[in-house]
Amino acid sequence: MTEKDFIPNPYSATVEQGQVTWQSPSNIALVKYWGKLEHQIPANPSISFTLDSCRTTTTLKFSKKEQLSDDFDFELEFEGEKKDSFRPKIQKFLERVEQYLPFLKDYKFTIQTSNSFPHSSGIASSASGMSALALCFMSLEKQLDPEMTEEYFTRKSSFLARLGSGSACRSVEGELVVWGFQRNIYGSSDLYGVQYRDEVHDNFRNYRDTILLVDKGEKQVSSTVGHELMNGHPYAERRFRQAHDNLDRLKKIFRSGDLSEFIKVVESEALTLHAMMMTSEPYFLLMKPNTLAIINKVFRFREETGLHLCFTLDAGANVHLLFPEKEEELTLEFIGSELQQHCQNGQYINDRVGSGAQKLA
Ligand code: PMV
């Protein structure tokens, strides 16, 4: 599919007003997206586990404008309160997607949103938030075009979410989602995320992700700035090739269930992401002493127990701990006794792999 396929034909139905609610999860990348071209086209392919309990719930209320105007008309409420600080981000999103949703200026919208995870926890809400919003707009488009297929609905939701925040396109479906063209992954596209459909060993079913909240402050580097740092970065081309290679490696690992190899790829991806930031201009050091303390304890725990706990990081100091379901008991005990002390206010979130966004009644 190309971008043009997402520009709709004239709609067959009319809709005066209504509302719709979607709940959409966060996701955690195993192979990281870092670097992009124009229009949120990724510089390399990525793959993520969709999460389960870290979610954004968004209700979109819509009513036809009485008088047509050439502006977007929307109000924002976050956790029950008016939130004007989100306006510029939403305004930009609407401008970007307008050509694909030509009805946007015909309605007055109220967007009500809330997160399941603690406010300012340092967990990025852009993936869950942008995908939930994209799905809500698609539900309205589906009412305007009742013939729309489910496949088109899902693809276009991911396509629109991507225009809001790149990694958001991996939050529409579960459990493993690939975004970005990779020659050995069937159906993969730069335009939207697709479910990973190759064989996946039972070792990866119900995989756990415990998120350690090391630093709940504002992100030191916004992802917009971060992606830009890859333009002209001395190691960029090599890094982009490595992401392709790591997807090939993961494909074999998902088949064989080899957890030791899985750990090597996932941890190397996390450290490479940080290495890219440490070697860009300007450079950033986003790990905190507690991030390193946790990583060293994870290494030691693995050595001592032979279990398969591994870490990954996003563009910040928080640590995602990935581990198989059947090692949960011992691993959670270790997290509580040894790692919790490195979290801000002792806070962490136990999550797991999930099956994607859901429409609520
Ligand atoms: O979707 P963005 O633009 O916020 O970028 C997110 C990038 C990482 O979280 C660091 C990696 C990834 O693939 O999710």
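View 1. Buried means under 20% relative accessible area, exposed over 50%, and partly exposed in between (1.4 Å probe, protein chains only). Strands (E, at least two residues) and helices (H or I, at least four residues) are DSSP runs, numbered from the N terminus. This is a predicted model: local features need pLDDT of at least 70, side-chain atom pairs count only at pLDDT 80 or more, and totals for chains, interfaces and linings use all residues. Residues are numbered from 1 along each chain as its sequence is written, and side-chain values use heavy atoms, with hydrogens and water left out.

**View 2. The strand partners of β8.** β4 and β8 run antiparallel and are joined by four bridges. F49 has L176 in β8 as its bridge partner. β8 also pairs with strand β9 (residues 193-195), in the antiparallel sense, over three bridges. Here V177 has Q195 in β9 as its bridge partner. Two strands pair if DSSP finds at least two bridges between them.

**View 3. N44, a loop residue.** N44 sits in the loop between β3 (41-42) and β4 (46-64). N44 counts as buried because its relative accessibility is 2%. Its side chain reaches the backbone oxygen of K32 at 3.0 Å. Leaving aside neighbours within four places in sequence, N44 is in contact (heavy atoms within 4.5 Å) with residues including Y33, W34 and W179.

View 4. Of the 13 residues around the ligand, Y33, S167, R170, S223 and H227 come nearest. A residue is near a molecule if one of its heavy atoms lies within 4 Å of it. The shell divides into five nonpolar, five polar and three charged residues. An oxygen atom of the ligand is 2.9 Å from a polar backbone atom of Y33. For the side chain of R170, an N or O atom is 2.7 Å from a ligand oxygen. Taken alone, the ligand exposes 380 Å², and the protein buries 92% of that. Areas come from the Shrake-Rupley method with a 1.4 Å probe.

**View 5. Y283, another loop residue.** Y283 lies in the loop between α6 (259-278) and α7 (289-305). Y283 counts as exposed because its relative accessibility is 63%. Beyond its neighbours within four places in sequence, Y283 is in contact with M277 and M278. Y283 and Q341 are 58 residues apart in sequence and 29 Å apart in space, C-alpha to C-alpha.

Methods. Polar contact = N/O pair within 3.5 Å; in protein donor to acceptor, adjacent residues only side chain to side chain. Nonpolar A, V, L, I, M, F, W, Y, C, P; charged D, E, K, R; others polar.
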